[in-house]
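Dear colleague,

Please find below the structure that I am handing over to you. A summary of the findings follows it.

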Amino acid sequence: MTPADRRLAVANLIVALVALFGGVTTGLFQALGYAGVEIYSSLAPVIRSHYHSLSIHGVLNALVWTTFFISGFLPFVMSRSLGTALASPTLGWVTFWLMVAGLVLAAVPLVGNAATVMFTFYPPLKAHWAFYIGLTLVVVGTWLVTLNLVLTWRAWRARHPGVRTPLPAFMSLVTFAMWTIASLGLAVEMLLVVIPWSLDLVAGTDALLARTLFWFTGHPIVYFWLLPAYLSWYTLVPRQAGGKLFSDPMARTSFILFLILSTPIGIHHQYTDPGIHQGWKLLHALLTFAVFFPSLLTFFNVVASLETAGRARGGTGWVAWFRKLPWADPSVAAQVLAMVLFAFGGIGGLINASFNVNMIVHNTAYIVGHLHLTVGTAVTLTFMGITYWLIPHLAGRPLWSHRLALGQVWLWFAGMMIFSPALHELGLRGMPRRTMIGQVSYMQPEWQTLLPLVGIGGTLLFVSAVLYFANVLLTAVVSRRVPQPAVEFAEAISGADQAPVFLDRWRPWLALAAVLIAIAYGPTLVRLAATTSFASPGFRVW
């Protein structure tokens, strides 16, 4: 990796970490609000309401932290995996500054309470035009990341004809290819529906068309977050734990399936929306269950890989090998604990995709608990674990405190073990989401016993995050400068040479993904575009 590529990765990580700090801080406000501790009156005018805080929390955590981390981490992986520099450092920096410009443009109305529309920005809630244009620029920036990765791979391919793409590079390409396809829905929503409306170029909008285009992107974004975590679980954690990847071909197969199946499933978020035929909802439900199959492949492959590590370290028995994993390594501990909690998040995902059960839980706190098991733990805790080796490597300084990092990891796990189950149970007891629960007039007695647990869990998560930021900051500025080795990629028991050649060809899989999207979305989008009246005015309620 060249110094220029290294600086680019550092720049993306800095923006990601600043966003995470803002996200967890506003997350604490949310958790305290659930517990009935009202602090917004003392935060005004910086934070003006629960919904203002919730919008900042969602945008920073779900959109900014994840996107900038992935845009820094995967090019780093790509470069190391192929043993070459990125094709265009200039394009990399143009991309970075375009995304930063978009972020700043979106942040101004967001912080100023002119974009309190939450991170799903459903019309007819209407934000300032700068919010929508800013987020669009961030998405365009991710497309340029894809372009740079493709150019890098093509240059490598020209020098290595017939050689299988190394697994980490293959996974990086699949992740950004999937995201580029999926983000087209958001781009269309922004350019044709939301931005003209926010600029008063058209008289009104349509909530159903906007929601459908949003979920074209909105559910695959979950896989945009998860696939980089999977990449680390597949290609880095087994080596860190002292073992080998169980199967390279199985890993490639699972990522190809994610590429094909991740996008045409978004309508399972719209089971209760009128105007979409039940048959298309059923198709999206079936495809959502289908995308669980590569998740199961991932579960089996990663656990088998960890088992090789546990047994290599003297572990025996059906499950006793699990105790032999290097739990004193905070990077490994963070990612294995993230895997453990994500098992429950995956089960919750199946429940959410079920047509009838979804009707019960969809607009309740159950979904909030589910989201915090996925993006809040599987993704965020894994990314934290990655930074425990990545930042020392990039900074050329050892981690300031392994003990502090280990305590932080377990504290995050403990906090989430309180926070998320409480929200799941509150959802099953009928407590709504996207609501300022601490101030509602219809508070139910059965909620009151659980709400303090949300506050306690959220506080533990915030304290854990503070420890994390302190360790990262002290590593960057206090630790003695000593070159740090990067973590090596795991060897595979069943290697790339055993993978079928057709898995390394892109056109058939991209074409198949396009055909499936056309079948699953085409008729619905064509009908909505032909019949939508664009009659709804915008509303600003907070």
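In which loop does Leu201 lie? Leu201 is found in the loop between α7 (184-198) and α8, where helices (H or I, at least four residues) and strands (E, at least two) are DSSP runs numbered from the N terminus. With a relative accessibility of 64%, Leu201 counts as exposed; buried means under 20% relative accessible area, exposed over 50%, and partly exposed in between (1.4 Å probe, protein chains only). Leu201 and Phe170 are 31 residues apart along the chain, and 43 Å separates their C-alpha atoms.

Before the remaining findings, a note on the basis of the work. This is a predicted model, in which local features need pLDDT of at least 70 and side-chain atom pairs count only at pLDDT 80 or more, while totals for chains, interfaces and linings use all residues. Residues are numbered from 1 along each chain as its sequence is written, and side-chain values use heavy atoms, with hydrogens and water left out.

Overall architecture

The secondary structure of the protein consists of 20 helices and two strands. Along the principal axes, the C-alpha trace spans about 60 × 50 × 45 Å. Of the 542 residues, 60% are buried. Contact here means heavy atoms within 4.5 Å. Among contacts between residues at least 6 apart in sequence, 84% join residues at least 24 apart.

Helix packing

Two helix pairs deserve a description. For both, axes are lines fitted to C-alpha atoms, for helices over the stretch in contact, and angles run from 0 to 180 degrees between N-to-C directions. Angles under 35 degrees count as roughly parallel, over 145 as roughly antiparallel, 65 to 115 as roughly perpendicular and the rest as oblique.

Helix α9 (residues 220-235) packs with α11 at an angle of about 175 degrees, their axes being 12 Å apart. The two helices are therefore roughly antiparallel. On the α9 side the contact is made by Tyr223, Leu227, Tyr230, Leu231 and Tyr234, and on the α11 side by Ala251, Ser254, Phe255 and Phe258. These residues comprise eight nonpolar, one polar and no charged, with Ala, Val, Leu, Ile, Met, Phe, Trp, Tyr, Cys and Pro counted as nonpolar, Asp, Glu, Lys and Arg as charged, and the others, Gly among them, as polar.

In the second pair, the axes of helix α16 (residues 365-395) and helix α19 (residues 451-477) come within 10 Å and cross at roughly 10 degrees, so α16 and α19 are roughly parallel to each other. Helix α16 contributes Met384, Thr387, Tyr388, Ile391 and Pro392 to the contact, and α19 contributes Tyr468, Asn471, Val472 and Thr475. The contact of α16 with α19 divides into six nonpolar, three polar and no charged residues.

Two buried threonines

Thr175 is placed in helix α6 (residues 167-182) and is buried, with a relative accessible area of 0%. Not counting residues up to four places away in sequence, Thr175 touches Leu74, Phe224, Leu227, Pro228 and Phe255. Among these, Leu227 and Phe255 also take part in the contact of α9 with α11.

Thr142 lies in helix α5 (residues 129-159) and is likewise buried, at 1% relative accessible area. With residues up to four places away in sequence left out, Thr142 touches Thr67, Ser71, Met99, Phe176 and Trp179.

Salt bridges

A search of the whole structure finds eight salt bridges, each being a side-chain nitrogen of Lys or Arg within 4 Å of a carboxyl oxygen of Asp or Glu. One of them joins the side chains of Asp273 and Arg211 (2.8 Å, N to O). This pair links distant parts of the chain, 62 residues apart: Asp273 is in the loop between α11 (248-261) and α12 (278-290), and Arg211 is in helix α8 (residues 207-218). Both Asp273 and Arg211 are buried.

Arg311 and Glu307 also meet in a salt bridge (2.7 Å, N to O). Because they are four residues apart in helix α13 (residues 292-312), about one helical turn separates them. Arg311 is partly exposed, at 36% relative accessible area, and Glu307 is partly exposed at 25%.

A further salt bridge is formed by Glu425 and Arg429, whose closest N and O atoms are 2.9 Å apart. Glu425 is partly exposed at 30% relative accessible area, as is Arg429 at 32%.

With kind regards
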